[in-house]
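Please walk me through the fold of this protein, from the whole chain down to single residues.

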Amino acid sequence: MLTRRAALMGAAGIAALPVLAKAAKAEEIMDTSHAAPVDLSSLKRIKRKLVRPPMVHEHEQVAPAEPRIVEFEMQIVEKEIEVDDGAHLQAMTFNGSIPGPMMVVHEGDYVELTLFNSPENLMQHNIDFHAATGALGGGSLTLVNPGEKTKLRFKATRPGTFVYHCAPGGPMIPWHVVSGMAGCIMVLPRDGLKDPEGNPVRYDRVFYIGENDFYIPKDENGDYKRFADVGESYPDTLEVMNGLIPSHVVFNGKVGALTGDNALHASQGEKVLFVHSQANRDTRPHLIGGHGDLVWERGKFNNPPQRDLETWFIAGGSAGAMLYEFLQPGVYAYVNHNLIEAVNLGATAHVVVEGDWNNDLMEQVQAPVEYDAAYEGKTALP
Ligand SMILES: [Cu+2]
């Protein structure tokens, strides 16, 4: 382990040194070994295998029984990804994906996560759950060196969608987050979601959209720089990060991750729950051609959802949820409605919906055709 850590310090440069020292100290302060033991032996255990976003693992919308201990495993993977043509990011990821996989439990359940920091990695990592209580969201109990694993259990006491992210200390925190280390957990009410009147709400599918701002440095010719590993990428990336102007703003790790051949699919009449997280920066999702039927803008299910929103707000460091029943077939664009970020920087997804067109909701009464400007159209002007 010492060799790995020494290698890391060499690679990341002296800038990272005090930060690592600080992180290690925080870990030492958090000694919980003298706390009274808790007996959870009567609780049922269930294992959930995490899947790659935008998909979400199998789960019940209404909890079937008493609270359970829900076991998850995640592996931290540092790897290079191509965010756009010629734009490579030395990424840090939960389970190899950006965003990290979405976890689903019910209020009152216990989340038990085994976190593996792969021996091929260079960095220390941990996990801070916004859904958890104490120890910096679990961050100060989960700091692992490359080649180490740890297991954390926390009780999911508040229903809602919550971000989780890596937070190993000091400037490592924003860097790991904007390198991809963030995901989301959804804690459902035990009896499922409800509309503003308290009536049960069910969804037919869930899509998990994780939005990221990336800060990829350029060389003197204006080309994106490519680095040998995360450590080497740090000093230049830090400079771009501190300018607060992202090179990319994307959904699910790269430009085009959810468009074209990678588009999301749904059917007319299906109710789709969109969970949207942004761990670092504010955003404003909008479904072009649709609406937010029910929107838990701040993602917390004890608050009644808002109806019929056109655009909603996800505060940086949070996850929100929106439910929409698709009424028309066709291609919908789900965007960050800062349209520069959506179109020029990457934050766009497509939803392809199968079904039969409803002329009552919309009809093309006249297809585009040339007209005689000498006679027509004049009366349209004021
Ligand atoms: Cu990390």
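The model is a predicted one. The protein chain contains 5 helices and 21 strands. The C-alpha trace spans about 85 × 60 × 35 Å along its principal axes. Of the 382 residues, 42% count as buried. Among contacts with a separation of 6 or more, 75% are between residues 24 or more positions apart.

The protein chain is divided into two parts: domain 1, made of 2–31 + 42–188, and domain 2, made of 210–354. Their C-alpha centres lie 20 Å apart. Domain 1 gives 42 residues to the contact, and domain 2 gives 42 residues as well. On the side of domain 1 that touches domain 2, the elements giving two or more residues are α1 (2–12), β2 (69–84), β3 (87–94), β8 (160–165), α3 (172–178) and β9 (182–188). That side of domain 1 is made up of 28 nonpolar, 11 polar and 3 charged residues.

UniProt, in an unreviewed entry, lists "domain: Plastocyanin-like" for residues 78–190 and 207–356. The span 78–190 is 6% helix and 44% strand, and its end C-alpha atoms lie 36 Å apart. For residues 207–356 the figures are 13% helix and 39% strand, with the end C-alpha atoms 23 Å apart.

The unreviewed UniProt entry also places the feature "binding site" at H125, H130, H165, C166, H176, M181 and H337. These positions span 213 residues in sequence and their farthest two C-alpha atoms are 32.6 Å apart, so they do not all gather at one spot.

Two of the annotated residues can be followed in more detail. C166 sits in the loop between β8 and α3. It counts as buried because 30 C-beta neighbours lie inside 10 Å, where 20 or more are needed. Leaving out residues up to four places away in sequence, C166 touches M92, H125, N126, I127, H176, V177 and M181. H176 belongs to helix α3. H176 has 26 C-beta neighbours inside 10 Å and therefore also counts as buried. With the residues up to four places away in sequence again left out, H176 touches M92, H125, C166, P168 and M181.

β8 takes part in an open sheet of 4 strands, with the order β4-β9-β8-β6 and mixed pairing. β4 (102–106) and β6 (128–129) stand at the edges with a single partner strand each, so one side of each has no neighbour in the sheet. The pairing of β6 with β8 is antiparallel and has 2 bridges. Within this pairing, F129 has Y164 of β8 as its bridge partner.

Another part of the fold is organised around strand β12. Of the 10 residues of β12 (residues 205–214), 9 are buried, so this strand is largely enclosed by the rest of the structure. β12 runs parallel to strand β15 (residues 271–278), to which 7 bridges join it. In this pairing V206 stands opposite L273 of β15. β12 also pairs with strand β13 (residues 248–251), here in the antiparallel sense and over 4 bridges. F214 stands opposite H248 in β13.

The last stop is F326, in the loop between β19 (318–325) and β20 (330–336). Apart from neighbours within four places in sequence, F326 is in contact with A266, Q268, G269, E270, V272, G290 and V353. F326 and V249 are 77 residues apart in sequence, and their C-alpha atoms are 26 Å apart in space.

Key
Residues numbered from 1 in each chain as written. Predicted model: local features only at pLDDT ≥ 70, side-chain atom pairs only at ≥ 80, totals over all residues. Domains from an automatic or database assignment. Contact = placed C-beta atoms within 7 Å. Nonpolar A, V, L, I, M, F, W, Y, C, P; charged D, E, K, R; others polar. UniProt positions renumbered as here; feature names shortened; annotations may be inferred. Buried ≥ 20, exposed ≤ 12 C-beta atoms within 10 Å, placed from the backbone. Pairing = 2+ DSSP bridges.
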